[in-house]
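User: Could you walk me through this model? I would like to ask about the sheets, the pocket and a couple of residues.
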Amino acid sequence: MRQETVGTVMARTVITADRSTSFRELAELLRRHRISGLPVVDDDGRVVGVLSESDLLSGLTRTEGRRRGHKRTWPALMGRGPGREDAIQQLTAGRLMSRPAVTVEAGDSVAVAARTMAERHVERLPVVDADNRLVGLVTRGDLLKVFLRPDPEIRRIVVHDVLDRVLWLPPGTLDVQVQDGVVTLKGRLELRSEVLVVVRLVKGVHGVVDVVDLLSYRYDDTQRHRPAEDPPLLA
């Protein structure tokens with residue numbers, strides 16, 4: 001059965017910075033492209049870190065100290081003051097970025113990417129090749145698109161990928177209906193073990209919320225016959 005991979009949902013055009021990109025340039029990149037973070041790459045396109053709005057704000061706070069009444073907003077960040085410009089100019093992506101970058105590869109499953117985001121508390125992951133060169137970017141929104149598939153697409157995957165390509169069931173063997181991500185299966189199979197396999201595989205399809213199992217079977221091949229007990233030993 002086809003497994004959804006990061007490469008099928010990632011963005012291939014990625015806004016990036018290098019280590020020397022200044023604070024103001026970084027802030028302008030985030031504002032102009034309406035993004036909350038970006039990868040930092042070296043001259044060979046290898047990912048060396050990730051920079052977010054939080055990194056910019058933290059860097060500015062460390063530089064200025066805790067000033068009473070200071071508001072950490074973009075207008076405040078772009079303001080001017082005595083010595084402020086020189087201090088801000090020294091804030092570059094190389095100094096502000098989080099490193100090492102948490103990354104995934106295009107061949108990783110979306111489940112791996114989702115688990116990595118949850119465990120590392122990040123909202124985006126640079127996608128790299130075997131040499132750590134940037135090939136794309138995947139966000140939480142990209143992953144949610146997979147899990148929020150429309151009903152017709154879920155039904156197509158269940159019928160074509162699961163029943164046809166994996167289980168080789170003749171067309172029309174089972175009736176498949178999908179409503180709000182809930183898959184209802186009707187029909188009759190030869191073995192109970194086949195029913196269990198069908199339900200398990202359908203539950204594994206991304207976007208499936210639940211499976212209503214209305215399947216029947218002709219023979220229960222899951223019951224094992226207990227071996228006859230040994231006769232008691234004679235004294």
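Analyst: What follows is a set of answers about this structure, taken topic by topic.

User: Before we start, what kind of model is it, and how are the residues numbered?
Analyst: This is a predicted model, in which local features need pLDDT of at least 70 and side-chain atom pairs count only at pLDDT 80 or more, while totals for chains, interfaces and linings use all residues. Residues are numbered from 1 along each chain as its sequence is written, and side-chain values use heavy atoms, with hydrogens and water left out.

User: OK, how many helices and strands are there in the protein chain?
Analyst: The protein chain has 10 helices and eight strands, where helices (H or I, at least four residues) and strands (E, at least two) are DSSP runs numbered from the N terminus. Of the 235 residues in the chain, 37% are buried, meaning under 20% relative accessible area, with exposed being over 50% and partly exposed in between (1.4 Å probe, protein chains only).

User: Let's take the sheet with E4. In what order do its strands come?
Analyst: It is an open sheet of three strands, ordered E3-E4-E5, with mixed pairing; two strands pair if DSSP finds at least two bridges between them. Strand E3 (104-105) and strand E5 (134-139) are the edge strands, each pairing on one side only.

User: Which way does E4 run against each partner?
Analyst: Strand E4 (residues 124-128) is antiparallel to E5, with five bridges, and Pro-126 stands opposite Leu-137 in E5. E3 and E4 run parallel and are joined by two bridges, with Glu-105 opposite Val-128 in E4.

User: Is E4 mostly covered or mostly open?
Analyst: E4 is mostly covered, since five of its five residues are buried. Arg-124, Pro-126 and Val-128 point one way, while Leu-125 and Val-127 point the other way.

User: Switching to the largest pocket, what is its volume?
Analyst: The largest pocket has a volume of about 270 Å³. On a 1 Å grid over the protein atoms alone, a pocket is an open set of points where a 1.4 Å probe fits, with protein on both sides within 12 Å along at least five of seven lines, and lining residues have an atom within 4 Å of a point. Grid points are joined across faces, edges and corners, and the volume is the space filled by probe spheres set on the points.

User: Which residues sit closest to the pocket centre?
Analyst: Of the 13 lining residues, the closest to the centre are Val-50, Ser-52, Ser-98, Val-122 and Arg-124. Strand E2 (47-52) and E4 are the elements that give two or more residues to the lining. By class, the lining has six nonpolar, three polar and four charged residues; Ala, Val, Leu, Ile, Met, Phe, Trp, Tyr, Cys and Pro count as nonpolar, Asp, Glu, Lys and Arg as charged, and the others, Gly among them, as polar.

User: Last one, where is His-206, and is it buried or exposed?
Analyst: His-206 lies in the loop between H10 and E8, and it counts as buried because its relative accessibility is 14%. Leaving out residues up to four places away in sequence, His-206 touches Glu-4, Val-110, Val-146, Phe-147 and Arg-149, where contact means heavy atoms within 4.5 Å.
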